[in-house]
Structures are given as structure tokens and as C-alpha cells.
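The following note is intended for a colleague who is meeting this structure for the first time.

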Amino acid sequence: MPELIQRLDEQALVWIAEHLRCALLDPFMKLYTQLGNTGMLFIVLGLVLLCFKPTRRAGLSALCAMLIGLIVVNFTIKPLVSRPRPWLVIENFVSLVEEHDPNSFPSGHTNAAFAFALAVCMSAPKRWMKVSAVCAAVVMGLSRLYVGVHFPSDVLAGAAIGSLCGLLGAWVIGKAWERLPDRLRGRE
């Protein structure tokens, strides 16, 4: 990472740890961020959307988007960039959760959350579903900063890449949707 970005990232993360962490929020943020491990929260939500005819396309779009995001971020960008986690470079910095992947850039949790959210925004039938998906994604990104396992630029990059993956996943499923048998699309 360029030195200026690294320095700003470190300062922002230390500020978050010193000024925003509190006993009231710690358990919620730790739990929520861990629900995002392996994208599990958003995979489960995508599978739930598949179960209902009106949201079947949104569920399929979200799962497709997250698969694209997994390939792009976890199998490609993270290993190539190999940016170390915050506690490895900021002296005396303590994260609130354990992370086994030493690579920080970009945030895979945030990528999955935004891939899910944008795919849902492009294909869910109800506005409240779209708003809820975006709120869930934003909170996931913020939780990664709060617990101290990512730098702000990791989260921003994860959100941007995830958003693009969400749009791509919705587009791919949209193109294939009319070719699916009626019973899979929810039509009898």
C-alpha cells in the first residue's frame, strides 16, 4: 500500500478503537462480524430468498454474486496483494476477534455483504428488502473496522468490488432467468 494510505488507514483504525469501542457495542459487533465468516449470514439469507417464489430470482442473483466475489477477492486479489492485518503492523493494536487469514486487502466479509446487497437491490420485489440488504452490508463493513481486523481502505475496496459483483451476479441471472423452467422461476 502506498505510504500515505497506510498511515491514514492506521490513524483511522486506532481512532475507531480508542473512541468508538464500548462495552455496550462490543458483543453485538463481535457477533455480527462473526456471522459473516465464510459469508455464512448472506449465504443463508440467499438460500432463504430461494425458498419463496417472489424472491427466488433475488436469492439466485445474490448467491451468484457472492460466488463471483469469492473468486475475485479470496482466490485472486487477497493472495496477490498480501496486505498484513492491522495487528501485525500497528504496535500494541488489539483486535476483538481472531482472524486466521493473514491477508487484509480487500475485506472478504464486506465483499460478500455488498455482493448480496446489490444483487438483492437489482432483483428483490420489495423496497424494504433492498434497504435491509444495504443496511446489513454497511453494518458488516463497519463491524470489520470496529473489531479491528481490517483497515478502512480494505473495507472500501471490499464494498466497491462486492457492489460490482452484485451487479454482475444480478445481470448474469437476469439473462438466464427467462431460460429457466417455469417451476424453478416460481411460475406454475
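1. A nonpolar core is here a set of buried Ala, Val, Leu, Ile, Met, Phe, Trp, Tyr and Cys residues joined through side-chain atoms within 4.5 Å. The structure under discussion is a predicted model. Its largest nonpolar core has 29 residues, and the members that touch the most others are Phe42, Phe116 and Val120. Two or more residues of this core come from each of helix H3 (40–50), helix H4 (56–81), helix H6 (108–123), helix H7 (127–146) and helix H8 (152–177). The most is given by H6, with 8 residues.

2. Leaving aside residues up to four places away in sequence, Phe116 touches Phe42, Leu45, Gly46, Leu49, Ala62, Met66 and Ala133. Another core, of 7 residues, lies apart from the largest one; Leu13, Ile16, Ile90 and Val155 are among its members.

3. Ser82, in the loop between H4 and H5, is not a glycine, yet has a positive phi of about 50°. Asn92, in the loop between H5 and H6, is likewise not a glycine and has a positive phi of about 65°. Is Asn92 buried or exposed? Asn92 counts as exposed because its relative accessibility is 71%, whereas Ser82, at 40% relative accessibility, counts as partly exposed.

4. How many disulfides does the structure hold? The number is 0. A disulfide is a covalent bond between the sulfur atoms of two cysteines. For Cys64, the closest cysteine sulfur is that of Cys165, at 9.6 Å, so the two are too far apart for a bond; the cut-off for a disulfide is a pair of sulfur atoms within 2.5 Å. Cys165, for its part, is in no disulfide, and its nearest cysteine sulfur is that of Cys64.

5. Cys64 counts as buried, because its relative accessibility is 18% and the limit for buried is under 20%. Cys165, with a relative accessibility of 5%, also counts as buried.

Technical notes
Residues numbered from 1 in each chain as written. Predicted model: local features only at pLDDT ≥ 70, side-chain atom pairs only at ≥ 80, totals over all residues. Heavy atoms only, no water. Buried < 20%, exposed > 50% of the residue type's maximum accessible area, 1.4 Å probe, protein only. Helix = DSSP H or I, 4+ residues; strand = E, 2+ residues; numbered from the N terminus. Contact = heavy atoms within 4.5 Å.
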